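Hi,

Here is the structure I promised to pass on. Have a look at it, and then read my notes below.

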Amino acid sequence: MSVDDLSPSNQNYLKVIWALSEWTDGPVTTSAIAEKSGLRLSTVSDAVRKLGEQGLVEHAKYGAVTLTTVGERHAVAMVRRHRLIETFLVSALGFRWDQVHDEAERLEHAVSDFLVDRIDEVLGHPERDPHGDPIPSAAGVVTAPRAQRLTEVAPGTAVVVERIADDDPALLQYFAELGVGVGVRLGVEPGAPYSGALDVRIGDGAPVALGSTATDAVWVSIG
């Protein structure tokens, strides 16, 4: 079975399940899938049951949802499509990084593997998308950077931005206005007492206070 033999809905479910475990070690639950996809829990539970009947996921009642070997292969294929399309939209068509997620969501179900491979070739086989997420290779290999959330970094540390979550376009716009992007060096300083914020210095500029909503969305390496 090819990933093209799956319905767009099932393609989405597999991609969401894989993405939920990409940057965290916690179990993937039907509740998490429902929240990520914006669907009702009952709808997701029924879909997971059907995916299990097709041999694409394993799910014990009230337990975690895990991809089978076949399910993971299809999920990674969809992730590859999505991230290459995002990269193409930014690199070739001049889209902003906050505009590409929804466009890629639509296009990824319509493109062929041949077209995806051609995009990959034309772009020079990029390893990361505009948000820093790793682009799986044609063989399904995913090479993720060693990174942690900015929230977890101790004040006084110099870091490099490796990845920014693309869930919130408005937050991406804000980061763009600040000059925070993949590859940018940041200095982390203590925030105001009891504020729950970090002061982040971008280059030689004045520190900017970032709350947990912002710092949770940024993954960095120490450097």
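**How two helices cross**

Helix 4 makes a left-handed crossing as it passes helix 6 (left-handed means that the near helix is turned anticlockwise from the far one by less than a right angle, right-handed that it is turned clockwise). On the helix 4 side, R80, R81, L84 and F88 make the contact, and on the helix 6 side D113, V116, D117, I119 and D120 do (contact means heavy atoms within 4.5 Å).

Before going on, please note that this is a predicted model, where local features need pLDDT of at least 70 and side-chain atom pairs count only at pLDDT 80 or more, while totals for chains, interfaces and linings use all residues. Residues are numbered from 1 along each chain as its sequence is written, and side-chain values use heavy atoms, with hydrogens and water left out. Helices (H or I, at least four residues) and strands (E, at least two) are DSSP runs, numbered from the N terminus.

Back to the two helices: helix 4 packs against helix 6 (residues 113-122) at an angle of about 45 degrees, and their axes are 10 Å apart. Axes here are lines fitted to C-alpha atoms, for helices over the stretch in contact, with angles from 0 to 180 degrees between N-to-C directions. The two are therefore oblique to each other (under 35 degrees is roughly parallel, over 145 roughly antiparallel, 65 to 115 roughly perpendicular, and the rest oblique).

**R83**

R83 is also part of helix 4, which covers residues 69-93. Is R83 buried or exposed? With a relative accessibility of 7%, R83 is buried (under 20% relative accessible area; exposed is over 50%, partly exposed in between, with a 1.4 Å probe and protein chains only). Leaving aside residues up to four places away in sequence, R83 touches W18, E22, D129, D133, P134 and I135.

**Aromatic pairs**

The whole structure has 2 aromatic pairs (rings of Phe, Tyr and Trp, the latter by its six-membered ring, with centres within 6.5 Å; planes under 30 degrees apart are stacked, over 60 edge-to-face, the rest tilted). W23 and W219 form a tilted pair, 5.5 Å centre to centre with 50 degrees between the planes. W23 sits in the loop between helix 1 (8-20) and helix 2 (30-37) and W219 in strand 8 (residues 218-222), so this pair ties together parts 196 residues apart in sequence. W23 is buried at 17%, and W219 is buried at 5%.

Y174 and F175 form a tilted pair too, at 6.4 Å and 40 degrees. Y174 is partly exposed at 32%, whereas F175 is buried at 0%.
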